[in-house]
Amino acid sequence: MATLISHFYNEEYLLPWWLMHHVPLFDHGIMINRGSTDRSADIIRKLAPHWELRDSSVPDFHAVKVDKEVMDIEKGVSGWKIVLNTTEFLVSRYGIQLFQVLDSLGGKMYSVRTITMVDPLGYYTDPIYAQPLVKQRYHGLFPADPQALYNGRFIHKYRSGGYTAGRHWTTKPYEVLLIPAFIMKFSFSPWNHAMIARKLQIGPTIPEDALKSNMGSHHLFNLHELETNYLALATITEDLRRIPEFRSLRLR
């Protein structure tokens, strides 16, 4: 049994690709609606009608409360579990056999390395829904150090993940997953108006008490600051097809 859990808020642009990618990989999915006002819930009902669709009990984007909610949900399911944002796509060379491979490794929790996807300037046109997004983009920042786990995600069989705020760390014992499996995180890709609007909507939903505790401040930026951040990464993004570990995923 493998379960995918995700919060979402106005994700109608990315959700079609995200669902078409993950529904075949997981036995079960639990989608937590954090007050969306767009078509996100309808898209989930259409593309994942057998998955659960729940309303969040957390009205604002408060990292500690959001993560407590997902950990409480994890306690109600067994088997392998992973919590992903809508920008995060789990990819591996093994497809639906990934969880059998994890069983054979013998561990209970693994940190999955993250590839931060960043479009180079003027290279791509807008992607289309008729093709998987992971096959339409191949530029990003590859994790050079397997131990640099500040932006990794955890896949596990514990009752809950024991996450600290942001789910980039855990109190549970774990190992780094070094088989051909990664999280492709579409942070600055596709870089278009829809993705820019998605990023700009997050900051206003962060409550004041979270900001005072220095949680979520990295989501606070205006359009100029966001474009500046993108341009800095666009100058160093690399063609992932040149990296043997990425090629071993056999996405292309």
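Mentor: Ser 160 touches Met 71, Glu 74, Lys 75, Lys 81 and Lys 172, where touching means heavy atoms within 4.5 Å and residues up to four places away in sequence are not counted. This is a predicted model, in which local features need pLDDT of at least 70, side-chain atom pairs count only at pLDDT 80 or more, and totals for chains, interfaces and linings use all residues. Residues are numbered from 1 along each chain as its sequence is written, and side-chain values use heavy atoms, with hydrogens and water left out.

Trainee: Does Ser 160 count as buried or exposed?

Mentor: Buried means under 20% relative accessible area, exposed over 50%, and partly exposed in between, with a 1.4 Å probe and protein chains only. Ser 160 has 11% relative accessibility, and therefore counts as buried.

Trainee: How do α1 and α2 lie relative to each other, roughly parallel or roughly antiparallel?

Mentor: Helices are DSSP runs of H or I with at least four residues, numbered from the N terminus. The axes of α1 (residues 15-22) and α2 (residues 40-47), which are lines fitted to C-alpha atoms over the stretch in contact, with angles from 0 to 180 degrees between N-to-C directions, come within 10 Å and cross at roughly 25°. Angles under 35 degrees count as roughly parallel, over 145 as roughly antiparallel, 65 to 115 as roughly perpendicular and the rest as oblique. The crossing angle therefore makes α1, relative to α2, roughly parallel.

Trainee: Which residues in α2 are met by Leu 15, Pro 16, Leu 19 and Met 20 in α1?

Mentor: Those four residues lie on the α1 side of the contact. Their partners in α2 are Ser 40, Ile 43, Ile 44 and Leu 47.

Key:
Helices (H or I, at least four residues) and strands (E, at least two) are DSSP runs, numbered from the N terminus.
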